[in-house]
Amino acid sequence: MTTTDEGDDGDAGAVDPDEVRHVADLARVDLADEEAATFAEQFADVLDYFAALDEVPEVDDDPDLVNVMRADEVRDGLTQEEALSNAPASEAGFFKGPKVS
Amino acid sequence: MSADDAPADDAADLNVFLARETVAGADDGPLAGKTIAVKDNISTEGIRTTCGSAMLEEYVPPYDATVVERVREAGATLVGKTNMDEFGMGGTTETSAYGPTKNPVDPERVPGGSSGGSAAAVAAGEADLALGSDTGGSVRNPAAFCGVVGIKPTYGLVSRYGLVAYANSLEQIGPLANTVEDAAALLDAIAGPDEHDATTRYDAAEDGPAVHPADDTEYAAAADGDVDGMTVGVPTELVEGADDAVVEVFEDALADLEAQGVETVEVSLPSVEHAVQAYYVIAMSEASSNLARFDGVRYGVDGGEGNWNESFARSREEGFGDEVKRRVLLGTYALSAGYHDKYYKKAQDARAWVKRDFDEALSEADVLATPTMPVLPPKRGESLDDPLSLYLMDANTVPVNLANLPAISVPAGEAEGLPVGMQFVGPAFGEEAVIRAGSAVEQ
């Protein structure tokens, strides 16, 4: 991600297709060239709109929370067969995934 | 799965159901004899649950969501899984991978979203009751557009176990029905603590057992229409932005409430000007995290050969539709280094501000009233190419999710032959007050 230049033209939402591709890489989503171009235009509008958040004051939020603990007891979960039932590929009772590197 | 394969009855023409399967409920119970349709992002054991996405076209959950267990125990008979915007992302039920649902009131128009199939099922008489999920208005919006009742419960009242997560800090499962009393009876059945979901409210007491806000409540009994002496606050900001035709119906309904003994007061919610932006930043950020689970390994579209990253990216390219990709990418952007403070942190400030505003307004009134949707139901295709115009439609519903409050949408009348919904917002766990107010509009 290129960092924003404060002294830029002030167009907070300007993104080009390369930036969209970079974010898509981070999010692990392949994009077609056309999609990257369309998203770049739409992101400009949406991010311009989000820029209005600059006007929001800092607000203290102190929710009244307490920790609630449950007893650490063994409970039934899915069986191995159930857990594997939707996997596109499995082998010897394990999920079968692509190479990690 | 496509509408073309289904029998050519009304529901098929409207593309309401993604799966039509009947599962009988218990023989007796408060919902005995009632039929129920369930949004397709709520898990049903042995019945395909697609979330309106190609990613989950073949996914069959091995367990029931807690709400599904509870409605079956209460006697309701499941009649099908309903169409929806993909993963709940949309306001018109046009982003489903299985085609748009049509509004039973006017088939050229959208039913609203993302629980459009659930609202249409009730409006078309295909089910007595339906379950939807409401992240930024997804139960109230289609209820308003289809002319039925929808309730968004306080965050923590209803278990989210078995709901496929999109924006987990905002979403609640909620009931839809033809009448306020029926919707409230469904809420009675599904509300309560759940050991499978740590986000359901559960108050540990110093002496004695833990308690849940639904323990001593009977929501259906609150639909008694008795609003004499109730104070209803009207937030000017959420009326001014609505179309004239909508405002006219809303004001007639308010006048009718005044005739029933309600006192109306003007209240102000200055923060709501920033609520939609904050909502989308938070929802998209949470979506980018929640939808990371779809990697094509445990379930979903197989990404094929290559290393993990390549396979993962290909699975998601094939499995996700445009709106889902848009939100996952925008969410990733908003959380990325250099932008976190600018977008996500400011959105959290705005959320805290919205909560404070609602607290102040609700100290002056028992409930707040607004038009549910600022517009009449648009025709299909009108909003799809302009994501921003779609996001702006949620102006009156998203602030409620940011503040985690309960709200109801009830039919208030018609404009140009189309239904107009009226929304009541109550204090946290004040469901009885919004149900009571809503039932008075029905009379």
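**Notebook: the interface of chain B and chain A**

The model is a predicted one. I then looked up one named pair: the side chains of Glu35(A) and Lys325(B) meet in a salt bridge, at 2.9 Å from N to O.

Next I turned to polar contacts. Between chain B and chain A, 12 residue pairs are in polar contact, both residues having pLDDT 80 or more.

I asked which helices of chain B each supply at least two residues of the side that touches chain A. They are H8 (275-290), H9 (308-319), H10 (322-335), H11 (341-362) and H12 (387-392). H11(B) gives the largest share of that side, with 11 residues. By kind, the residues on the side of chain B that touches chain A divide into 30 nonpolar, 10 polar and 17 charged.

I then noted the extent of the contact. Chain B contributes 57 residues and chain A contributes 48 residues. The area buried between the two chains is about 4800 Å², and carbon and sulfur atoms give 67% of this area. Gln277(B), Leu329(B) and Tyr333(B) together supply 13% of the area that chain B buries against chain A, more than any other three residues.

Last, I recorded the predictor's confidence. The complex receives an ipTM of 0.87 and a pTM of 0.94. Chain B has an average pLDDT of 94, and 97% of the residues score at least 70. Over residues 1-8 of chain B, however, pLDDT stays under 50. For residues 1-8 of chain B the model has 8 contacts beyond four places in sequence.

Terms used
Residues numbered from 1 in each chain as written. Chains lettered and ligands numbered in written order. Heavy atoms only, no water. Contact = heavy atoms within 4.5 Å. Buried area = accessible area lost by both parts, 1.4 Å probe. Salt bridge = Lys/Arg side-chain N within 4 Å of Asp/Glu carboxyl O. Polar contact = N/O pair within 3.5 Å; in protein donor to acceptor, adjacent residues only side chain to side chain. Helix = DSSP H or I, 4+ residues; strand = E, 2+ residues; numbered from the N terminus. Nonpolar A, V, L, I, M, F, W, Y, C, P; charged D, E, K, R; others polar. pLDDT = per-residue confidence, 0-100.
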